[in-house]
Amino acid sequence: MQTRDDYQRTASYYDFLLSRGLRSIRTNIRTCLRHYDVTNVIDICCGTGEQLHMLGNENMLLTGIDLSEAMLAKARSKSPATIHYLETDACNLPFPDSEYDGVIITLALHEKTATQQQLIFKEACRIVKHDGHIIVADYAAVPEGYNSTLIGKVFIPFIERLAGLDHYHNYKDWMAQGALQGFLENNCTGTISLISQHAKGCIHIYAISKSKDDPLGADLKKIEAHFSEQNSKGVTT
Ligand SMILES: C[S@@+](CC[C@H](N)C(=O)[O-])C[C@H]1O[C@@H](n2cnc3c(N)ncnc32)[C@H](O)[C@@H]1O
């Protein structure tokens, strides 16, 4: 459990460092949520609120939760008052079951302990509606190839090490247990669909539906068509 504000210092430069690099991920998550026609969305471990800020004009009810006061202060400072932020622990959320039709968890699982990861994902599954979707973006197993190796085995570990030793150990454990694919295989009972790949395949976005009979296949064709159009315009990495 996070007992101090681990992001106190990071909050001041987080957006400056990562905003541009993560833009294609946030854009694809927005496209995905639009496609699923969600109305009530929560971003778990929302950080500085970049994703919710991007969703600000989407006619959705938006909530962000995080444990860092400093990250939330940044989020509040740039968001309209209609976006609701709450300082709370993602492992034990103060929301009723089946409250949201869109639940986002971006780059938040890999840095937690295995127990925290499981608790957070369990909470996401609890608060999402039966016909809703959980969108998870995080580090995936590093694909073969020079550029993927450079990003996945040099650049990302370097960034994670800068974030602190605890954070780094959790990241190493995450990669060792099969990264995002391994985590979902072990913890998810619903339908899992790959939405898009970023950073030369080192980051994946998945849409997860609670129901086994979710007709995601048909949906995905439209989403894929949209993304391939974006790719051809060089929007995704
Ligand atoms: C790497 S940042 C990701 C932020 C954001 N999702 C994004 O895409 O930029 C991880 C966030 O998780 C938050 N966090 C860490 N432990 C948490 C917990 N137990 N409950 C809620 N938030 C937590 C941190 O404060 C930080 O803002």
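**The ligand shell and the sheet**

Modeller: The shell around the ligand is made up of 9 nonpolar, 5 polar and 4 charged residues. Here Ala, Val, Leu, Ile, Met, Phe, Trp, Tyr, Cys and Pro count as nonpolar, Asp, Glu, Lys and Arg as charged, and the others, Gly among them, as polar. The model is predicted: local features need pLDDT of at least 70 and side-chain atom pairs count only at pLDDT 80 or more, whereas totals for chains, interfaces and linings use all residues. Residues are numbered from 1 along each chain as its sequence is written.

Among the 18 residues around the ligand, those that come nearest are C45, G47, S68, A90 and T106; a residue is near a molecule if its C-beta atom, placed from the backbone, lies within 6 Å of it.

Turning to the sheet, 7 strands form an open arrangement with mixed pairing, in the order β3-β2-β1-β4-β5-β7-β6. Strands β3 (84-87) and β6 (191-198) stand at the edges with a single partner strand each, so one side of each has no neighbour in the sheet. Strands are DSSP runs (E, at least two residues), numbered from the N terminus, and two of them pair if DSSP finds at least two bridges between them. Within this sheet, β1 (residues 40-44) and β4 (residues 100-106) pair in the parallel sense over 3 bridges. There, I42 stands opposite V103 in β4.

Conventions:
Helices (H or I, at least four residues) and strands (E, at least two) are DSSP runs, numbered from the N terminus.
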